[in-house]
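User: I would like to go through this structure with you, one topic at a time. Could we begin with the strands and then move on to the helices?
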Amino acid sequence: MSARGVLLKCDMNSSFDQPDPAIMSMSPRSPAILLNDFFSPEVAAAMIMIRHDSRTLLQVLEDQKLMEAMKQSRLALEGRASFAPLALDDADELGTAKEGEEDYKRRTIQGNESPAGHAGAGGGGGGGGVGPAGVLSGALSLSQEDIVGVLPNEISAPYEVPQFPIEQIEKKLQLQRQLNAKVMEQDRHSIAPEVHPDEQLPFDEHDFVAHFQRVSISGEDTSGVPLDDLERASTLLVKALELREKYMRNSHQAFPQTTARFLKSTHSSTITHQERKSIADHPVNPPQSTQSPWVVEIPEDLNYSIRPVHGVFEVFPTAESTEPLPYQYTRLPDFVQDMQMMCSMIADGPLKSFCYRRLSYLYSKFQLHVLLNELRELASQKAVPHRDFYNIRKVDTHIHAASCMNQKHLLRFIKKTLKNSADEVVTVTKGTPMTLAQVFQSMNLTTYDLTVDMLDVHADRNTFHRFDKFNAKYNPIGESRLREVFLKTDNYLNGKYFANIIKEVASDFEESKYQNAELRLSIYGKSPDEWYKLAKWAIDGNVYSDNIRWLIQIPRLYDIFKTNQLMSSFQQILDNVFKPLFEATNNPSKHPEIHTFLQYVIGFDSVDDESKPENPLFDGDVTPPADWTDVENPPYAYYIYYMYANMTVLNHFRAARGMNTFVLRPHCGEAGPVQHLVCGYLMAENISHGLLLRKVPVLQYLYYLAQIGIAMSPLSNNSLFLNYDRNPFPEYLARGLVVSLSTDDPLQFHYTKEPLMEEYSIAAQVWKLSSCDMCELARNSVLMSGFPHKMKQHWLGPNYTREGVAGNDITRTNVPDIRVAFRYESLLDELANIFKVNNEQKMQYASQQ
Ligand SMILES: [Zn+2]
């Protein structure tokens with residue numbers, strides 16, 4: 001039940017003697033009056049009836065008489081005509097109704113500035129039984145049962161005027177608000193035991209509530225679809241959210257607390273909050289690491305036995321044992337079933353309409369929010385000393401190491417190396433060693449000839465929809481030999497030049513101080529010693545920076561390896577990618593390099609051309625990896641599933657040993673079938689690109705509800721798959737999806753020394769992003785990144801994991817509380833909208849049985 005219904009009801013039920021938190025969190029309107037002045041008594045009566053016999057508004061409105069009545073009352077309202085059709089009982093109430101009209105207009109147009117309604121943000125459910133729905137602002141979508149259960153039913157007629165004069169109600173509400181503030185204060189103290197009594201600040205409601213103009217929708221059927229459709233949509237969406245929650249929980253990946261609370265998931269979060277600290281207590285800059293990053297404690301060896309079972313590695317206590325340690329992961333048949341369920345769900349007509357409507361609503365709501373609050377947002381940003389867009393932390397959430405420098409930088413680096421190390425042997429061709437000078441001689445080139453044009457690494461018009469041509473751009477001057485010498489970790493010089501150029505990029509990041517990046521390094525799964533070589537490359541070359549973390553990208557190249565007879569089955573890729581990780585977790589002292597390197601690895605990425613033709617769906621009896629000996633490449637879902645399943649067991653194993661765990665963050669939905677996005681929805685903590693979500697409203701809505709991070713790179717898309725002006729990025733941002741801006745490949749797409757700033761800058765120009773939008777994007781990028789919790793606490797504030805405003809520290813993020821409150825309340829609204837119907841349904845079933 002939504003605002004109008006709730007308001008109406010609580011008014012009818014209100015006995016204000018009892019401080020009910022749900023009531024307290026509502027805005028002080030007098031809704032029954034509103035209802036009566038907006039609709040005729042007949043319609044109002046019908047609306048009340050709806051609550052009783054669960055008829056939908058549409059069904060009721062089919063009644064011609066009511067339609068007529070409604071039209072009349074609308075006309076009356078629009079034309080400022082008399083309220084005669086209302087046929088109120090006496091003149092006194094007519095007066096009240098008019099007052100109510102004024103009241104309504106004032107509040108609806110100006111927005112609701114009631115400070116109540118945001119108590120929940122303060123303490124993560126500290127509101128004492130308010131429940132998730134209770135914290136909604138503007139009384140949107142309150143939990144009906146809470147109110148009904150607590151308050152005596154005072155309805156005597158189908159419709160009713162308030163029992164108390166309006167002034168009295170206002171007075172009582174005022175009292176409630178004061179009580180509410182007291183309760184909040186108590187809560188605040190009860191959850192903040194570590195604050196020294198001397199430091200206790202007087203209670204300030206600004207801590208909890210951003211004063212801004214809220215957009216609230218009132219009325220019975222605010223979802224805009226018939227109740228049946230809403231119920232159905234709600235059931236399906238809740239099911240889908242439960243699925244994702246299960247996959248994330250199993251694999252030690254993050255799931256947002258807010259949504260989890262609605263799902264009533266039982267697992268408790270392990271993150272400890274620190275009570276509000278000032279910048280002096282908790283500086284914005286994390287302490288500089290003093291010792292070498294490569295000095296790491298090595299835990300003792302376990303000598304477990306590790307074997308793949310149906311393509312997934314399992315840990316056995318001994319070599320003889322047949323029973324693996326109980327590290328749960330989703331089995332293939334279950335995954336196939338979930339996948340099929342999700343795929344039929346995203347094709348479901350009524351659900352599509354429902355999600356499309358919700359997304360459109362969210363979009364419009366944001367536009368209104370900006371219209372009403374833009375100046376306030378800006379003012380609160382101006383009020384923060386020192387902080388602005390340039391000195392807030394940003395993370396480039398999607399960038400490949402081999403192309404993290406821009407073309408000019410690479411050119412300069414090549415020229416410099418050619419000048420300083422001309423006689424260094426860099427490669428062996430057909431058994432003969434070649435120096436760098438000889439390599440260039442063989443191409444008839446001197447330092448003087450080299451230009452950016454000649455390098456020819458930049459994407460251009462010819463790469464649009466040609467991923468093959470784009471891939472070829474990774475070869476400077478079209479020579480794969482130069483790529484091997486300069487841009488690979490595993491070559492004759494053991495990636496010396498590559499390490500040097502990455503360190504140059506890293507020092508640029510350190511110089512700019514506020515920019516960070518998650519660079520993708522490749523593990524191909526071609527040979528078992530790739531991990532060892534990569535770890536050695538990083539440690540020997542001392543490729544480390546506080547501003548950089550690694551993601552491991554696994555290209556989907558089985559078909560090429562198979563064609564070149566480098567391997568026999570798909571299982572071999574899995575062996576080469578995952579066995580070294582299990583071994584290093586099992587016996588770290590035997591693999592100290594890998595163990596050490598893994599401290600700075602966040603997770604896995606899956607890369608390649610998504611638009612390659614494939615059969616996106618497979619069934620439960622698909623060929624297992626050990627028997628996949630075909631030349632044909634397995635589909636995307638197959639790759640992702642086996643990465644996910646192996647990573648899940650690995651994470652259990654590592655978590656049990658107190659080591660860091662990994663996340664899955666694949667390229668997903670850049671092109672190709674939309675089923676890739678279903679894989680991402682089920683198994684990935686967050687994804688890169690997500691362009692195709694624009695075609696699948698159901699998934700897009702689910703990505704919103706589950707707050708799945710999407711690293712978007714509009715400039716990359718512009719060169720490869722989608723023109724800049726058609727990019728869905730601004731819509732995603734408006735709707736509240738967790739999007740961030742990233743560069744993908746500065747070597748191919750960017751011109752300046754600060755490619756991430758270039759990305760922000762162009763987006764801001766083209767889409768007219770406000771300073772608040774930009775800061776929100778930067779905050780999103782830190783939130784979705786894999787940088788350590790401790791660092792994020794310095795960057796975003798010690799309490800950044802809290803929900804809503806309590807998690808925001810404008811002195812660090814430069815994001816106004818207003819924006820954070822708007823996002824949080826909107827999410828709560830959506831979730832409450834879905835879960836309310838779902839819970840009602842459950843209760844109905846329960847009562848029938
Ligand atoms: Zn990429």
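User: How many bridges join E10 to E11, and do they run parallel or antiparallel?

Analyst: Two bridges join E10 to E11, and these strands run parallel. Two strands pair if DSSP finds at least two bridges between them. Helices (H or I, at least four residues) and strands (E, at least two) are DSSP runs, numbered from the N terminus. Please note that this is a predicted model, in which local features need pLDDT of at least 70, side-chain atom pairs count only at pLDDT 80 or more, and totals for chains, interfaces and linings use all residues. Residues are numbered from 1 along each chain as its sequence is written.

User: Which residue is the bridge partner of Cys668 in E11?

Analyst: Cys668 has His689 of E11 as its bridge partner. The chain passes from E10 through H26 to E11, and this β-α-β crossover is right-handed. A crossover is right-handed if, with the strands pointing away from the viewer, the path from the first strand over the helix to the second runs clockwise.

User: What is the order of the strands in the open sheet?

Analyst: The order is E10-E11-E12-E13, an open sheet of four strands with parallel pairing. Strand E10 (667-668) and strand E13 (739-741) are the edge strands, since each pairs on one side only.

User: How many bridges join E11 to E12?

Analyst: Three bridges join strand E11 (residues 686-689) to strand E12 (residues 709-712), and the two run parallel. Asn686 has Gly709 in E12 as its bridge partner, and Ser688 has Ala711 in E12. Together with helix H27 (residues 697-705), E11 and E12 make a right-handed β-α-β unit.

User: Now the helices. At what angle do the axes of H11 and H26 cross?

Analyst: The axes of helix H11 (residues 227-250) and helix H26 (residues 675-683) cross at roughly 60 degrees and come within 7 Å. H11 is therefore oblique to H26. Axes are lines fitted to C-alpha atoms, for helices over the stretch in contact, and angles run from 0 to 180 degrees between N-to-C directions. Angles under 35 degrees count as roughly parallel, over 145 as roughly antiparallel, 65 to 115 as roughly perpendicular and the rest as oblique.

User: Which residues in H11 and H26 meet?

Analyst: Leu243, Arg244 and Tyr247 in H11 meet Tyr681, Leu682 and Met683 in H26. Two residues are in contact if their C-beta atoms, placed from the backbone, lie within 7 Å. The residues of this contact of H11 with H26 comprise five nonpolar, no polar and one charged. Here Ala, Val, Leu, Ile, Met, Phe, Trp, Tyr, Cys and Pro count as nonpolar, Asp, Glu, Lys and Arg as charged, and the others, Gly among them, as polar.

User: And what about H23 and H25: how do their axes cross?

Analyst: Helix H23 (residues 570-586) and helix H25 (residues 636-656) have axes that come within 10 Å and cross at roughly 5 degrees. H23 is therefore roughly parallel to H25. The contact of H23 with H25 has seven nonpolar residues, two polar and one charged.

User: Is His789 buried or exposed?

Analyst: His789 is exposed, because 10 other C-beta atoms lie within 10 Å. This residue lies in helix H33 (residues 789-796).

How values were computed
A residue is buried if 20 or more other C-beta atoms lie within 10 Å of its own, exposed if 12 or fewer, and partly exposed in between; C-beta atoms are placed from the backbone.
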